[in-house]
Protein chains: 2
Amino acid sequence: MAVTIKDVARRAGVNPSTVSRAIHNHSAISEKTKERVRKAMADLDYSRNSAAQMLASGKSGAIGVIFPPIENKSEQPFFMKILTAINEEAHQNKITVSIASGHTIEELLSQVRVMYQEKRVDGFIVLYAGEADDVRDYLLAGEIPFVIVGTPIERANEMTAVDNDNKLMGAEAAQYLAGLGHKKLAFVTNTDKGEVFHERYRGFEEKIKSLGLNGQLLYTSESLALDNVTALVVLDDILAIKVIQGLTERGITVPDDISVISFNNSVFASLIHPYLTTFDINITQLGHSSVQKLLHLIADPDDFREKVTVPFELKVRESTKAVN
Amino acid sequence: MAVTIKDVARRAGVNPSTVSRAIHNHSAISEKTKERVRKAMADLDYSRNSAAQMLASGKSGAIGVIFPPIENKSEQPFFMKILTAINEEAHQNKITVSIASGHTIEELLSQVRVMYQEKRVDGFIVLYAGEADDVRDYLLAGEIPFVIVGTPIERANEMTAVDNDNKLMGAEAAQYLAGLGHKKLAFVTNTDKGEVFHERYRGFEEKIKSLGLNGQLLYTSESLALDNVTALVVLDDILAIKVIQGLTERGITVPDDISVISFNNSVFASLIHPYLTTFDINITQLGHSSVQKLLHLIADPDDFREKVTVPFELKVRESTKAVN
DNA sequence: CTGAAAGCGCTTACAG
DNA sequence: CTGAAAGCGCTTACAG
């Protein structure tokens, strides 16, 4: 039926093994032969059979992407965006990407297990960090190649992670607002969990102190006690939109009465006015880098673990303003 | 290294071929033997090697999900949500899902080609409908099993499609508003392209006529000419949020002055107040059904093509109100 | 109901 | 620089 390496070999007048070597651009094969083989492949419209290649080589040519076991993934544009970026980079490297997602850790682990044990993938990109879970433990215990997007809390030095510098981002948020003349600021969050919150807040706090300004931490679970605060740093875009609506209802206008800066530069940032001043976290590069790192790890399992920091960029829009 | 079917055979005291048959629950194998084989598999923690299975059987045990070649996929929660549902159903059927996505049709087609020619997947789920494109032509021409989520415009009877009844949804929107006493309505859109718009609007229009009410079509590209309209049917949630903000700026309040009903029930619907009255399109079932249909098609390529219609449900929230 | 054998389409030491 | 051969781990007609 389908064209195989044998057909190509016959047409090029060589042995199948030579075709295989030519395909992989083996250095021992003469350029002349390679050329003949290439021609034959083109003539016959040859495609490798991935199953045969996998079986013979032991490599699957695929990677798995692991989504967090949460319900509201679809609410966060981050996931679709990074999946697209990962796929793009993978395709460039002639690698396919499969996905693992589940509502619970157990479901997720079961998928990951199957994918790896059946040798469907050579490694994984994990799209959530923070505290360890069964999935990560399984990967570490099995010495399975993986990279984490985000910053793990424990055993960080045992794995490769790709992330933004959230602490620096928090600091730059404070810095930028200080530059606009704001003296009394607050960091607004709806959670006190997670590395992302901790790092962003820590950066904010330290910077505020070093600048000798006034800063506080506010939770959206309570009504925001704003006494004289003129600028807010909000944990993410979605929360910022909600906070702004809450302020508007209280007769407080953004940015005239109060400036707001947030993080992620997602759709929500330019959905309604005031469009948000927010940090672009460069998801595309997060995706590309994680694939590259993973391919290195797969090629050389003893490659050292490292942290890759992807740059961010402040997008100034309508929600911030200098104090008059 | 890894446990193979041979190891299991030895342990169970049978031939490898018997193990294979037992695994597939072949009817010719005695229950007693199956039991022995199962025990041996469990003892040895056996996992099949998918590459070997693919090569020998010609089936990949994987399906591909094709995303639309658009930039703003990540802005629409639909994609992540259906991907999750697809993966869930696939996993239940011991199938993995790989993805294809590209910024252009060419890139997309190249990915789809590779996936199929290399036999990495047995079929595809296409996440966009409307007019034909090179990808769909390729699938049709190659008689490759696929199902479309959405409603194709051309050659609809040649493919299996899974969708909501958008026309009925448009009609029910009008019906619901009429029930609240609204007499002058408008359908608001930002595009006149695409099946989704056409169907929803057509349903709206016909229902308005049959009820003897007044209805018009408004484009958000122009400022909305609202003379005495008391209710709006808006193409989707995102647009509805923007429309509501525009109205608010003009001093028009939703739902007191004007009611708004939209479609999709995405995150945007309950992001800010007024929370939207909107149609839940049941994405989970769209995903599950499309996988089931695809698996049927793969198992039996001569299975007839059909259209599967998934029910929807109106979620009444804050943006609609009876006329006083 | 089960076994022995051939074959799926590649890769890769081993020779030369 | 290239060929012949064995092998990767399954499946599946063919026998019995």
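**Figure 1. Salt bridges between chain A and chain B.** In this predicted model, two salt bridges are counted between chain A and chain B. In one salt bridge, the side chain of Arg48(B) meets that of Glu118(A), with a distance of 2.8 Å from N to O. Side chains of opposite charge can pair when their charged atoms come close. Over all chains, the count of salt bridges comes to 32.

**Figure 2. Polar contacts and the elements on the chain A side.** Between chain A and chain B, 25 residue pairs are in polar contact, with both residues at pLDDT 80 or more. On the side of chain A that touches chain B, the elements that give two or more residues are helix H4 (50–57), helix H5 (77–92), strand E2 (96–100), helix H6 (105–117) and helix H10 (237–249) of chain A. The largest share of this side comes from H5(A), which gives nine residues. Sorted by class, the side of chain A that touches chain B has 20 nonpolar, 18 polar and 11 charged residues.

**Figure 3. The area buried between chain A and chain B.** The size of an interface is often given as the accessible area lost when the parts come together. Here chain A and chain B bury about 4700 Å² between them, and 60% of this area lies on carbon and sulfur atoms. Within the area that chain A buries against chain B, Met80(A), Arg120(A) and Leu271(A) supply 14%, more than any other three residues. The contact draws 49 residues from chain A and 49 residues from chain B.

**Figure 4. Helices H6 and H7 of chain B.** The axes of helix H6 (residues 105–117) and helix H7 (residues 134–141) of chain B come within 9 Å and cross at roughly 25°, which means that H6(B) is roughly parallel to H7(B). On the H6(B) side, the contact is made by Ile105(B), Leu108(B), Leu109(B), Val112(B), Arg113(B), Tyr116(B) and Gln117(B), while H7(B) brings Asp134(B), Val135(B), Tyr138(B) and Leu139(B). The residues of this contact of H6(B) with H7(B) divide into eight nonpolar, one polar and two charged.

**Figure 5. Helices H2 and H3 of chain B.** Helix H2 (residues 16–23) and helix H3 (residues 31–44) of chain B have axes that come within 9 Å and cross at roughly 95°, and therefore H2(B) is roughly perpendicular to H3(B). Thr18(B), Val19(B), Ala22(B) and Ile23(B) of H2(B) make the contact with Thr33(B), Lys34(B), Val37(B) and Met41(B) of H3(B). By class, the contact of H2(B) with H3(B) has five nonpolar, two polar and one charged residues.

Figure 6. The side chains of Glu35(B) and Arg38(B) meet in a salt bridge, at 2.8 Å from N to O. Because Glu35(B) and Arg38(B) are three residues apart in helix H3 of chain B, about one helical turn separates them.

Figure 7. Most residues other than glycine have a negative phi, and most peptide bonds are trans. In chain A, a cis peptide bond joins Val254(A) and Pro255(A), with omega about 5°, and Pro255(A) is found in the loop between H10 and strand E9 (259–264) of chain A. In chain B, the peptide bond from His273(B) to Pro274(B) is cis, with omega near -5°, and Pro274(B) has its place in the loop between strand E9 (259–264) and strand E10 (277–280) of chain B. Lys94(A), a residue other than glycine, has a positive phi near 60°, and Lys94(A) lies in the loop between H5 and E2 of chain A.

Notes. Residues are numbered from 1 along each chain as its sequence is written. Chains are lettered from A and ligands numbered from 1 in the order in which they are written. This is a predicted model: local features need pLDDT of at least 70, side-chain atom pairs count only at pLDDT 80 or more; totals for chains, interfaces and linings use all residues. Side-chain values use heavy atoms; hydrogens and water are left out. Contact means heavy atoms within 4.5 Å. Buried area is the accessible area (1.4 Å probe) that two parts lose on being put together, summed over both. A salt bridge is a side-chain nitrogen of Lys or Arg within 4 Å of a carboxyl oxygen of Asp or Glu. A polar contact is a pair of N or O atoms within 3.5 Å; within protein, one must be able to donate a hydrogen and the other to accept it, and residues adjacent in sequence count only if both atoms are side-chain atoms. Helices (H or I, at least four residues) and strands (E, at least two) are DSSP runs, numbered from the N terminus. Ala, Val, Leu, Ile, Met, Phe, Trp, Tyr, Cys and Pro count as nonpolar, Asp, Glu, Lys and Arg as charged, and the others, Gly among them, as polar. Axes are lines fitted to C-alpha atoms, for helices over the stretch in contact, and angles run from 0 to 180 degrees between N-to-C directions. Angles under 35 degrees count as roughly parallel, over 145 as roughly antiparallel, 65 to 115 as roughly perpendicular and the rest as oblique.
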